[in-house]
Amino acid sequence: MRNKLLHNPQAVIGTLLIAIILLMGVLAPFLAPHDPMAVDITKKFLEPCNEYPFGTDQLGRCVLSRLLYGARYSLGLALPILAFLALIGTTLGMLCAWFGGIFDRLMTIVCDIFMAFPPLVIVLTLIGVIGQGAVNLILSIILSMWVWFVKVVRSYVLIEKDKDYITAAKISGCSGADILFSHILPNILPLLVVYFSTGIASIILMISGYSFLGLGLGNDIPEWGAMLNSAKQYLYSNPMLIVYPGTCILLTAAGFNLFGEALRDILSPEEE
Amino acid sequence: MIEVRHLTRTYLSRRSPKSKEPFVSVNDVSFSLLENTPYALVGESGSGKSTLAMMLAAILPPTNGEILLDGNNIWALSPKELRLMHGEVQLVLQNSQGALDPRRRIYESIAEPLRKLRHLTRQEEQHTVHDILHKVQLQDDILMRFPSELSGGQQSRVCIARAMALAPRLVIFDESVSGLDVTVQKKVLDLLLNLRQEYQSTFLFITHDIDVALYMADHIFVMKEGKIVESITDAHGYDDFNHPYSRELIESLPPKTPYNR
């Protein structure tokens, strides 16, 4: 398994990118040359120099420091969101597929209703009602995405539960819980890990996207999407202010996508 | 030991949901099986053999009728009792590769029924697994492998070992050897005959192959379109089959020498 990961260039690049972003976030206080919030209007739009390696923005804040701290926001928001979604999706998806019947039908109807709304509509409405802020952003992203996770897990379990080894497990005296947790879950886990790691990429894009639209986090917060938002006015005069956070978002999303796709190739049981 | 009374199973056809007429897979089947006896059930594909096997193994509830194990209707048992009943009645499925969890090592697959249905210590469990492994003529080194690393013959031996480890009173083999090539098939059948002698279990071989049935058992049921059309208690050759459908089955066999027991 480890060897396969090391011999897969996608996996190596993906892991490296994720590791770099994680390190940026964790080590931000030590690596950042300045306070990311410190405003110094006399130093606005500085060219890159020794003191400010990536220059400063329209309020004289250190761009490098803001980028480093930005990793904390992207991952710090995306990971708890993913954890919630994975928990809700796996639990409800497995229950629906296993028990079927009226519960499954009701859930399918609820899922279809939620899926009929574009996520943007849900997020706009929610943030309009409960206001801006990190917690509200988390809540609204969870609310707009949970049905997709339920549906995916449900379909994986439905495929798995008709296989012969499940019948064999019943004959071996396994109870329903035994089968769900010790047979079905280990067998769909690789598929779920792939879905979750590509899911985290889209969550990061959502967080940045909503911040860019001014829905998520305020402009003072060094989140990459919010940085894009405030830099867009200076697109012609200072294009690098857009390029830096944009590149960060691109690399993070690409890292998780590459990692997820490589995992799918490695974990598919046929090739074992 | 086990008695089947008026067992019926119907399915609602999915292809034509409008038709109210359900498809009858097993139709009013009655028979009884004695302790420590080999039986065979012959029928073509779609005759309801597998459905019957699933009902006997308490995986699929019958639409009508009852299955009595020592006089108790198994489908009247509580779910937990039904689960524990698998210690007495085991089923070996046709597709042995599919019947093994692809993410489990062989040891775990064989030990699972022991863990769920018998209360053994770690040592007793290991002892039982090694013992049954030698009885199905497999080497110790496969225990740590995954199902996909075994040959078809090894996989079906593992499935047999998993069922026999419990020393059940009734074992149903649903086309368990039909996927194997002829030489391997013969070896597995001989192995099963020996195992049956040793464990004194009742075996029910479900097969489409009249030669296999004759080789494995004296008492043969012939099934057609969900019904048992003929039951022969002392079958030794083709001449013992009398029902027109049984004759048809025999006449459609390709010319070859039957197994000589």
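**A guided look at chains A and B**

Visitor: In which sense do strand E7 and strand E8 of chain B pair, and over how many bridges?
Guide: The model is a predicted one. In chain B, strand E7 covers residues 170-174 and strand E8 covers residues 202-207. These two strands pair in the parallel sense, over 5 bridges.

Visitor: Which residue stands opposite B:Phe173?
Guide: Strand E7 of chain B spans residues 170-174 and pairs with strand E8. The residue opposite B:Phe173 lies in E8(B). That residue is B:Phe205.

Visitor: What is the order of strands in the open sheet of chain B, and which are the edge strands?
Guide: The sheet is open, has 6 strands and shows mixed pairing. Its order is E6-E7-E8-E3-E9-E10, with a twist that averages 20° from one strand to the next. Two strands of chain B pair on one side only, and these edge strands are E6 (89-92) and E10 (227-232).

Visitor: Which residues have the most contacts inside the largest nonpolar core?
Guide: In general, nonpolar side chains of soluble globular proteins tend to be buried together. Here the largest nonpolar core has 145 residues. Helix H3 of chain A, residues 63-99, gives the most to this core, with 16 residues. The residues with the most contacts inside the core are B:Ile172, B:Phe205 and B:Ala213.

Visitor: Which residues does B:Ile172 touch, not counting residues up to four places away in sequence?
Guide: B:Ile172 is one of the residues with the most contacts inside the largest nonpolar core. With residues up to four places away in sequence left out, B:Ile172 touches B:Ala53, B:Leu56, B:Ala57, B:Leu91, B:Leu204 and B:Ile206.

Visitor: Which helix gives the most to the side of chain A that touches chain B?
Guide: In the contact between the chains, 16 residues of chain A meet 23 residues of chain B. Helix H7 (164-171) and helix H8 (176-212) of chain A each supply at least two residues of this side of chain A. By class, the side has 6 nonpolar, 6 polar and 4 charged residues. The helix that gives the most, with 6 residues, is H7(A).

Visitor: How many helices and how many strands does chain A have?
Guide: From the N terminus on, the elements of chain A run α-α-α-α-α-α-α-α-α-α. The C-alpha trace of chain A spans about 75 × 50 × 30 Å along its principal axes. The secondary structure of chain A comes to 10 helices and 0 strands.

Visitor: What percentage of the residues in chain A is buried?
Guide: Chain A has 272 residues. Of its contacts with a separation of 6 or more, 68% join residues 24 or more positions apart. Buried residues make up 40% of chain A.

Notes
Residues are numbered from 1 along each chain as its sequence is written. Chains are lettered from A and ligands numbered from 1 in the order in which they are written. This is a predicted model: local features need pLDDT of at least 70, side-chain atom pairs count only at pLDDT 80 or more; totals for chains, interfaces and linings use all residues. A nonpolar core is a set of buried Ala, Val, Leu, Ile, Met, Phe, Trp, Tyr and Cys residues joined through C-beta atoms within 7 Å. A residue is buried if 20 or more other C-beta atoms lie within 10 Å of its own, exposed if 12 or fewer, and partly exposed in between; C-beta atoms are placed from the backbone. Helices (H or I, at least four residues) and strands (E, at least two) are DSSP runs, numbered from the N terminus. Two residues are in contact if their C-beta atoms, placed from the backbone, lie within 7 Å. Ala, Val, Leu, Ile, Met, Phe, Trp, Tyr, Cys and Pro count as nonpolar, Asp, Glu, Lys and Arg as charged, and the others, Gly among them, as polar. Two strands pair if DSSP finds at least two bridges between them. Axes are lines fitted to C-alpha atoms, for helices over the stretch in contact, and angles run from 0 to 180 degrees between N-to-C directions.
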